[in-house]
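User: I would like to learn how to read a structural model feature by feature. Please give me the idea behind each one, then the case at hand.

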Amino acid sequence: MKIRYYPIRFISFLLVGLLILFYAQSWFLENHRHNLYTIQLIKSYVLNAIMALIVFFVIYIFRNKYRDLLGFFFLGGSLLKFALFFIFLYPSFIADGTLERLEFLIFFVPYGFALVLETYFLVKLLNTV
């Protein structure tokens, strides 16, 4: 696979994968009588998708200029994702005083998928640079 196709493949895998996960998770939550809007499922998926795209494109753009720092860009992106989680999602999750497993999974499922995909493409980029 040529390196110029990496962004197209990454975007395709990310969007298709997150859509499949979103529909599976929302189907499960609706069958267990949870309101998708009050648990911020959509916000979590959008936040993770945007951040995964930003992290990937920062790494992709700087792949030649800062070869030795690509891993740090990746780690910084993960740190930024958690910071945004604590800013945008965490306050509403702990409004009742506890962080339940359901609330944790609402963030972690899309985060985990995006992390695995970013890791895969980072390894591919590092092998070609």
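User: Which residues of helix 1 are buried?

Analyst: Keep in mind that this is a predicted model. Residues count as buried when their relative accessible area is under 20%. In helix 1, that group is Tyr6, Pro7, Phe10, Leu14, Gly17, Leu18, Phe22, Gln25, Ser26 and Leu29.

User: What do the buried residues of helix 1 pack against?

Analyst: They pack against helix 2 and helix 4. Phe10 gives a specific case. Leaving aside neighbours within four places in sequence, Phe10 is in contact with Ala52, Leu53, Phe56, Leu117, Glu118 and Phe121.

User: What follows helix 1?

Analyst: Arg33 follows helix 1, and its phi is positive, near 60°.

User: Now the whole chain. How many helices and strands does it have?

Analyst: There are 4 helices and 0 strands. Read from the N terminus, the order is α-α-α-α. The C-alpha trace spans about 50 × 25 × 15 Å along its principal axes. The chain has 129 residues, and 36% of them count as buried.

User: What share of the contacts with a separation of 6 or more comes from residues 24 or more positions apart?

Analyst: The share is 77%. To see such pairs, pick residues and look at their partners.

User: Take Ala52. Where is it found, and is it buried or exposed?

Analyst: Ala52 is found in helix 2. Its relative accessibility is 0%, so Ala52 counts as buried. Beyond the neighbours within four places in sequence, Ala52 is in contact with Phe10, Leu14, Lys81, Ala114 and Glu118. As for distance, the C-alpha atoms of Ala52 and Phe82 are separated by 12 Å, and the two residues are 30 apart along the chain.

User: Which residues does Ser44 touch?

Analyst: Not counting residues up to four places away in sequence, Ser44 touches Leu89, Ile106, Phe107 and Pro110. Ser44 is found in helix 2. It has a relative accessible area of 0%, so it is buried. Ser44 and Val109 are 65 residues apart along the chain, yet their C-alpha atoms are separated by 9.4 Å.

User: And Ser78: is it buried or exposed?

Analyst: Ser78 counts as buried because its relative accessibility is 10%. Its place is in helix 3, residues 70-93. Ser78 touches Tyr111 and Leu115, again not counting residues up to four places away in sequence.

User: How many cavities does a search of the whole structure find?

Analyst: First the idea. Rolling a probe the size of a water molecule over the atoms shows where empty space is left. Here the search finds 1 cavity of 30 Å³ or more. The largest cavity has a volume of about 30 Å³.

User: Which residues line the largest cavity?

Analyst: The lining consists of Val55, Phe56, Ile59, Phe74, Glu118, Phe121 and Leu122. The elements giving two or more residues to this lining are helix 2 (41-61) and helix 4 (101-128). By type, the lining residues divide into 6 nonpolar, no polar and 1 charged.

Definitions and conventions
Residues numbered from 1 in each chain as written. Predicted model: local features only at pLDDT ≥ 70, side-chain atom pairs only at ≥ 80, totals over all residues. Heavy atoms only, no water. 1 Å grid on protein atoms, 1.4 Å probe; cavity = no way out; pocket = protein on both sides within 12 Å on 5 of 7 lines; lining within 4 Å. Points joined across faces, edges and corners; volume = space filled by probe spheres on them. Nonpolar A, V, L, I, M, F, W, Y, C, P; charged D, E, K, R; others polar. Buried < 20%, exposed > 50% of the residue type's maximum accessible area, 1.4 Å probe, protein only. Contact = heavy atoms within 4.5 Å.
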